[in-house]
Amino acid sequence: MRELGCDGVPKPFERVVRANIGDCHALGQKPITFIRQVQALAACPALASSAAVPEDVRQRAQEILDDCTKSSVGAYSPSAGLQVVRARVAQFLSARDGVRACADDIYLGSGASDVIKAVLTMFVQDVDGKPPAVMIPIPQYPLFSGTLAELGLRQAEYFLAEEQQWALDVDELQRCWSRASQDCAVRALVVINPGNPTGQVLTRENMEQIVKFAYEHNLFLLADEVYQENIVSKPFFSFKKVMHEMGAPYSSMELASFVTCSKGWAAECGQRAGFVELRAAAAAPAFRVARAVMQCPNVLGQCILDCVMQRPAPGDPSYPQFAQELSDIRQVLAERTQTAYETFNSIPGYFCNPIDGSMFAYPRVSIPEAAQAAARELHMSPDEFYCLRLLEETGVCVIPGTGFGQLPGTFHFRTTILHPRDEFQHMMDSIRRFHHDFLQRYS
Ligand SMILES: Cc1ncc(COP(=O)(O)O)c(C=O)c1O
């Protein structure tokens, strides 16, 4: 059966392949059993009497309920989140970084988006009569540009260096800062690592350059580290760890780092849970008050975060099943990143950097001049035209680079890569065939 258009006319494909959103469960990833069991028990404590419930699940749900008012996840939690969960987050961060984290610096949110917006709100004030600006990468995850626009903050764009595996080039950072500083007060620098849409993991050397740059320009560093558990091969270093190990004066710089349950192996996007670790003594009291006005983040979401921060360990009843589920998820990521990288680089006119992590590929595509002219006639950018034709002709739905930003004159698209194997292969084949036909038509 063919897919029908709005006009009832059959499309030349059987189904739309949605590769436009980084939502693993929507692509068929199964939930982690331990997480869902803890949540189920927290929501309905009567289930704890079932013999089928593993002891570690029962214990975990009880620890969370003990911290809830009247043992109910239906009660508001403290606005920064349940103390038991924040303590677990602090333990996780301390073990990850080898630096002591403090539960008082942790603020849970309904997804990372919630706390990213809250942190950006701290910069909404003119400085010496100059409007505030925030430096963001191009390409970027549009939450940043959208939130800056909503808050009335100026956007200072720096381009990631595609030829250097999407690294941050210090000369480019300097260019961006100098230009923005002519009429703005540049307050903060956003870095997305691992990158969305670009999928790179920054090298430690590059991170140290960024930290020094931020220090020299008195910039508050916002580290979006939400894909830290979606990494295939390279080591992940948090900005906090790097700053700490660089020593004074960098170790005491202000920093906000973001983590979410929407990504990583939990990938529970719909349940809206995440946090910010905010290391900013001067700003913390006002931030705490601003968060209090919002009541609290979703308490069942906080249960997920608790499970992600302290996963089942060897010897726990839930461990064998958890370890199997985790390994399956990691295998899918490793396989798909490799296939996407190899496929895209084998298509004439495509270039794709190695994909270190996240769940996306962001290939660059050469679009023939005749196709660019056809796009102009339709008042579209060439990459929008390309992606629309791809959708119309194959059913593969990806996002044009225009949605994330790209160096003028270059064209990209972002695709998610975590589909089931057959669907993914179908998508790769469709893109290859489409591009071949597209070139024939427009060259
Ligand atoms: C880089 C980046 N930051 C933040 C978010 C927001 O995630 P959440 O679902 O936790 O709001 C996303 C979501 O895709 C993302 O890709």
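Biologist: Is threonine 198 buried or exposed?

Modeller: Buried means under 20% relative accessible area and exposed over 50%, with partly exposed in between (1.4 Å probe, protein chains only). The relative accessible area of threonine 198 is 4%. Because that value falls under the 20% limit, threonine 198 counts as buried.

Biologist: What pLDDT do local features need?

Modeller: Residues are numbered from 1 along each chain as its sequence is written, and side-chain values use heavy atoms, with hydrogens and water left out. This is a predicted model in which totals for chains, interfaces and linings use all residues, side-chain atom pairs count only at pLDDT 80 or more, and local features need pLDDT of at least 70.

Biologist: With which side chain does the side chain of threonine 198 make a polar contact?

Modeller: Threonine 198 sits in the loop between strand E5 (185–192) and helix H7 (204–216); helices (H or I, at least four residues) and strands (E, at least two) are DSSP runs numbered from the N terminus. A polar contact is a pair of N or O atoms within 3.5 Å; within protein, one must be able to donate a hydrogen and the other to accept it, and residues adjacent in sequence count only if both atoms are side-chain atoms. At 2.6 Å, the partner of the threonine 198 side chain is the side chain of glutamine 200.

Biologist: Which peptide bond has an omega of about 0°?

Modeller: The proline concerned is proline 249, found in the loop between helix H8 (239–246) and strand E7 (255–260). With omega about 0°, the bond is cis, and it joins alanine 248 and proline 249.

Biologist: Which backbone oxygen lies 2.8 Å from a polar atom of the asparagine 353 side chain?

Modeller: Asparagine 353 is placed in the loop between strand E9 (350–351) and strand E10 (360–361), and its 7% relative accessibility makes it buried. Leaving aside neighbours within four places in sequence, it is in contact with Glu162, Gln165, Trp166 and Tyr341. The backbone oxygen at 2.8 Å belongs to glutamate 162.

Biologist: What is the relative accessible area of serine 358?

Modeller: Serine 358 is found in the loop between E9 and E10. Although not a glycine, it has a positive phi of about 65°. Serine 358 is buried, its relative accessible area being 0%.

Biologist: Is lysine 70 buried or exposed?

Modeller: Lysine 70 is in the loop between helix H2 (55–67) and helix H3 (83–97), and its phi is near 55°, a positive value in a residue other than glycine. Its relative accessible area is 79%. Lysine 70 is therefore classed as exposed.

Biologist: How far apart in space are methionine 207 and valine 242, C-alpha to C-alpha?

Modeller: Methionine 207 lies in helix H7 and is buried, at 0% relative accessible area. Beyond residues up to four places away in sequence, it touches Asn193, Leu202, Phe237, Ser238, Phe239 and Val242. Methionine 207 and valine 242 are 35 residues apart in sequence, and their C-alpha separation is 7.3 Å.

Biologist: Which residue has a side-chain N or O atom 2.5 Å from a nitrogen atom of the ligand?

Modeller: Of the 14 residues around the ligand, Ala112, Ser113, Asp224, Thr260 and Ser262 come nearest; a residue is near a molecule if one of its heavy atoms lies within 4 Å of it. An oxygen atom of the ligand is 2.6 Å from a polar backbone atom of alanine 112, and an oxygen atom of the ligand is 3.0 Å from an N or O atom in the side chain of lysine 263. The side chain at 2.5 Å from a ligand nitrogen is that of aspartate 224.

Biologist: Which helix gives the most to the shell around the ligand?

Modeller: By class, this shell has 6 nonpolar, 5 polar and 3 charged residues. The helix that gives the most supplies 3 residues and spans residues 112–121: helix H4.

Biologist: What is the radius of gyration of the protein?

Modeller: The protein has 14 helices and 14 strands. The globule rule (2.2 Å times the number of residues to the power 0.38) accompanies a radius of gyration taken over C-alpha atoms. For 443 residues the rule gives 22 Å, and the protein is as compact as a globular protein of that length because its radius of gyration is close to that, at 23 Å.

Notes
Ala, Val, Leu, Ile, Met, Phe, Trp, Tyr, Cys and Pro count as nonpolar, Asp, Glu, Lys and Arg as charged, and the others, Gly among them, as polar. Contact means heavy atoms within 4.5 Å.
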